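Dear colleague,

Please find the structure below for your records. My notes on it follow directly after.

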Amino acid sequence: MIRAILFDLDETLFDHRRAVAHAATRWTESVCPGHELLPEAPALWLDLEDKHLPAWHAGECSFAEQRRRRLREFCRRLGLPAPADPDLAFAGFLTHYESAWAAFPDVHETLEALALLDDAPVPAVLTNGTAAQQEAKLRRIGLLDRVEVVLTPEALGAFKPDPECYRRAAATLGLSPCEVLMVGDNLLLDAVAPTRAGMHGVWLDRYRAEPAPSSPAVPRITTLRDLPDALDAVNSRGSGRPRRRTPEAATGRETAAFAMVTRTAMGGIAVPVPLG
């Protein structure tokens with residue numbers, strides 16, 4: 001029986017792409033009005049997050065330093081003037097980013113639906129972000145008081161997809177990994193890796209990346225509205241009980257997951273990464 005659900009934050013509960021698109025566009029316009037490459041700014045910013053965040057995860061630089069590296073490369077790639085003070089420039093970007101913070105439309109209704117279930121699972125957040133910023137996001141979008149705890153690498157001492165990250169998260173909740181379901185937008189971090197660590201995983205494929213089917217099998221949903229059905233399926237497999245919902249209700253909501261990590265940029269490009 002699933003006793004808790006760990007939600008990823010960015011692109012699962014929180015609409016990070018929308019906020020990035022707003023911030024990257026507005027900040028670039030403030031530096032160079034009418035820039036010819038302005039439409040490329042949001043996708044470039046997301047690509048540079050993927051490029052520079054791993055250095056912080058690996059302990060090679062501070063969180064602030066990876067931000068500086070990201071901003072410098074962003075300016076270089078777009079042909080913008082190099083910022084004299086990267087920290088001050090990034091603060092300007094953050095002002096625009098924070099002004100666009102919002103939850104996805106399916107989030108609040110899904111949490112309400114889960115809370116009404118018999119033996120409702122405890123909702124919590126497991127994120128690779130910093131505690132201060134991620135808690136600020138949850139507070140702004142009205143979710144901080146609706147989750148039991150916000151778990152970050154600062155508290156756990158490990159980043160997703162390290163197996164210890166998931167095991168320590170379960171232990172913090174007072175549960176064994178098999179009693180926890182992880183759901184999020186990143187196939188590896190939020191579905192495959194937690195499953196390998198003993199949890200259950202559900203991939204939230206909001207942008208319908210749909211790579212070629214492969215193994216391992218992980219349920220896929222395209223909206224959080226389908227999470228109660230996915231949860232019911234996991235509980236039913238574990239207990240041998242028949243499902244409460246009819247098969248028709250779940251048609252198309254659970255498919256095989258794929259040995260591929262997808263990061264869909266603003267233009268809808270799926271980038272394959274071996275799971276190794």
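A polar contact here is a pair of N or O atoms within 3.5 Å; within protein, one must be able to donate a hydrogen and the other to accept it, and residues adjacent in sequence count only if both atoms are side-chain atoms. The model is predicted, so local features need pLDDT of at least 70 and side-chain atom pairs count only at pLDDT 80 or more, while totals for chains, interfaces and linings use all residues. Residues are numbered from 1 along each chain as its sequence is written, and side-chain values use heavy atoms, with hydrogens and water left out.

Asn128 sits in the loop between strand E2 (122-126) and helix H6 (131-140); helices (H or I, at least four residues) and strands (E, at least two) are DSSP runs, numbered from the N terminus. A polar atom of the Asn128 side chain lies 2.9 Å from the backbone nitrogen of Lys160. Asn128 counts as buried because its relative accessibility is 12% (buried means under 20% relative accessible area, exposed over 50%, partly exposed in between; 1.4 Å probe, protein chains only). Not counting residues up to four places away in sequence, Asn128 touches Trp56, His57, Pro153, Phe159, Lys160 and Leu189, where contact means heavy atoms within 4.5 Å.

As for the cysteines, the structure holds 0 disulfides, a disulfide being a pair of cysteine sulfur atoms within 2.5 Å. Cys165 is buried, at 1% relative accessibility, whereas Cys178 is partly exposed, at 45%.

Kind regards
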